[in-house]
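Welcome! Please take a moment with the sequence and the 3D view below, and then read on for a guided tour.

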Amino acid sequence: MRRRILVVDDNEVTTRTFSALLKKLQCEVETANDSARAIEIAATFGPEAVFLDLGMPEMDGYEVARRLRLQPGLENVVLAALTGWGQQADRRRTAEAGFDHHLVKPPEPQSLESLLAGKAHGSPPARENRAGQRGEGAAGYGSRAHQFTHAAFIETVRAGPGEQLAVIHEGHLQ
């Protein structure tokens, strides 16, 4: 069964890159590059999980998460913050906004696979337990995660166990 995933980030390279990774993991993926479009797509696409950037213009990821939780049929969608912000205060804010997970860019492929496998096996959201976990993505790098390039994200994917998932070159997936 293919998992339905929505990826939301105002950076188009991020959405393309992350979408390519998730498709290699056999997911059906939709993307949005702004908050309003994300809410529209979520209502019609009915994702099982949403990977959501926090620092977006117009409406930040925290507000998008709150609004998604209020939509009929999306109350139990798995929400994962996918962000460069990894301090404890950031993790606390994501939990308070209704996120189930907090992944710091670039996320470890194993963390993604575990998160997706947990949803695939029907594990219920546990916001109070998952949002503050460390060891996901670049946890421990804190605000320095902003310095990672999208190419570094792809290198992390390539360095993980298993096959090469995607290669980025001058902003284009190959």
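The tour goes from the sheet to the cores, and then to a few individual residues.

This is a predicted model, in which local features need pLDDT of at least 70 and side-chain atom pairs count only at pLDDT 80 or more, while totals for chains, interfaces and linings use all residues. Residues are numbered from 1 along each chain as its sequence is written, and side-chain values use heavy atoms, with hydrogens and water left out.

## The sheet

Let us begin with the strands. Helices (H or I, at least four residues) and strands (E, at least two) are DSSP runs, numbered from the N terminus. Five strands form an open sheet in the order S2-S1-S3-S4-S5, with parallel pairing; two strands count as paired if DSSP finds at least two bridges between them. S2 and S5 are the edge strands, each pairing on one side only. From one strand to the next, the twist averages 20°.

S1 and S3 run parallel and are joined by four bridges. Across this pairing, Ile5 stands opposite Ala49 in S3, and the bridge partner of Leu6 in S3 is Val50. S3 also pairs with S4 in the parallel sense over four bridges, where Leu52 has Ala81 as its bridge partner in S4.

Helices lie against this sheet. H1 packs on it, touching S1, S2, S3 and S4, and its direction makes about 170° with that of S2. H3 lies across S3 and S4, running at about 165° to S3. Contact here means heavy atoms within 4.5 Å; axes are lines fitted to C-alpha atoms, for helices over the stretch in contact, and angles run from 0 to 180 degrees between N-to-C directions.

## Two nonpolar cores

In soluble globular proteins, nonpolar side chains tend to be buried together. A nonpolar core is a set of buried Ala, Val, Leu, Ile, Met, Phe, Trp, Tyr and Cys residues joined through side-chain atoms within 4.5 Å. Buried means under 20% relative accessible area, exposed over 50%, and partly exposed in between (1.4 Å probe, protein chains only).

The largest nonpolar core has 23 residues, and among those with the most contacts inside it are Val8, Val64 and Phe99. Strand S1 (3–8), helix H2 (35–45), strand S3 (49–52), helix H3 (61–70) and strand S4 (78–83) each supply at least two of its residues. H2 gives the most, with five residues. A second, separate core has 17 residues, including Leu22, Ala49, Phe51 and Val78.

Which residues cover the two faces of S3? Ala49 and Phe51 on one side and Val50 and Leu52 on the other are all buried.

Val64 of the largest core touches Ser35, Ile39, Leu52, Met56 and Met59, not counting residues up to four places away in sequence.

## Rings and their neighbours

The structure holds one aromatic pair. Phe18 and Phe51 form this edge-to-face pair, at 4.9 Å centre to centre with 75° between the planes. Phe18 lies in helix H1 and Phe51 in strand S3, so the pair ties together parts that are 33 residues apart in sequence. Both Phe18 and Phe51 are buried. For such pairs, ring centres of Phe, Tyr and Trp (its six-membered ring) lie within 6.5 Å; planes under 30 degrees apart count as stacked, over 60 as edge-to-face and the rest as tilted.

A charge sits over a ring if NZ of Lys or CZ of Arg is within 6 Å of the ring centre and within 35 degrees of the ring normal.

| Charged residue | Ring | Distance from ring centre |
|---|---|---|
| Arg4 | Phe45 | 4.1 Å |
| Arg93 | Tyr62 | 3.8 Å |

Is Ala32 buried or exposed? Ala32, in strand S2, is buried, with a relative accessible area of 2%. Gln26 has a positive phi of about 70° although it is not a glycine, and Gln26 lies between helix H1 (12–24) and strand S2 (27–32). Glu58, in the loop between S3 and H3, likewise has a positive phi, near 70°. Glu58 is exposed, with a relative accessible area of 83%.

Finally, the peptide bond from Lys105 to Pro106 is cis, with omega near -10°. Pro106 lies in the loop between strand S5 (101–104) and helix H5 (109–120).
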